[in-house]
Amino acid sequence: MPNKVARTEADNGKTSVDTEKMTRPTTRRAGLITGQAVHVRLGRSDLGVGRVDDRTEDGAIVWIFFGGATPRRMFMADDPAEFTVLEPGARGRR
């Protein structure tokens with residue numbers, strides 16, 4: 001089942017995101033797919049948006065490509081990382 005972000009028309013006529021129906025953080029890392037755009041939080045730190053670069057079959061280790069000075073980060077099973085899968089083509093803000 002694909003993840004979708006619900007969109008509603010605001011009173012001013014612009015399209016806005018209905019935050020109540022946004023994708024929830026993924027707890028099953030094994031369900032992440034290479035190339036997926038994800039928003040990453042590590043504990044209380046917002047790491048921003050990246051792409052799933054690779055993962056082990058069981059999802060115990062996930063590599064996310066962010067770009068910039070530290071382009072690729074590895075997240076181990078015991079890291080308190082949360083991954084929110086974004087709608088295809090979505091761009092995040094840092």
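**Core, ring pair and salt bridge in a predicted model**

Student: Which residues form the largest nonpolar core?

Tutor: This is a predicted model, where local features need pLDDT of at least 70, side-chain atom pairs count only at pLDDT 80 or more, and totals for chains, interfaces and linings use all residues. Residues are numbered from 1 along each chain as its sequence is written, and side-chain values use heavy atoms, without hydrogens and water. A nonpolar core is a set of buried Ala, Val, Leu, Ile, Met, Phe, Trp, Tyr and Cys residues joined through side-chain atoms within 4.5 Å, where buried means under 20% relative accessible area, exposed over 50% and partly exposed in between (1.4 Å probe, protein chains only). The largest has twelve residues: L32, V38, V40, L47, V52, V62, I64, F66, F75, A81, F83 and V85.

Student: Which strand gives the largest share of this core?

Tutor: Strands are DSSP E runs of at least two residues, numbered from the N terminus. At least two core residues come from each of β4 (37-42), β5, β6 (62-65) and β8 (81-85). The largest share, three residues, belongs to β8.

Student: Why is the pair of F75 and F83 edge-to-face?

Tutor: Rings of Phe, Tyr and Trp (its six-membered ring) pair if their centres lie within 6.5 Å; planes under 30 degrees apart are stacked, over 60 edge-to-face, the rest tilted. The centres of F75 and F83 are 5.6 Å apart. Their planes stand at 85°, so the pair is edge-to-face.

Student: How far apart in sequence are D53 and R72?

Tutor: Their side chains form a salt bridge (2.4 Å, N to O), defined as a Lys or Arg side-chain nitrogen within 4 Å of an Asp or Glu carboxyl oxygen. D53 lies in β5 (residues 45-55) and R72 in β7 (residues 72-75), so the pair ties together parts that are apart in sequence by 19 residues.

Note on methods: Helices (H or I, at least four residues) and strands (E, at least two) are DSSP runs, numbered from the N terminus.
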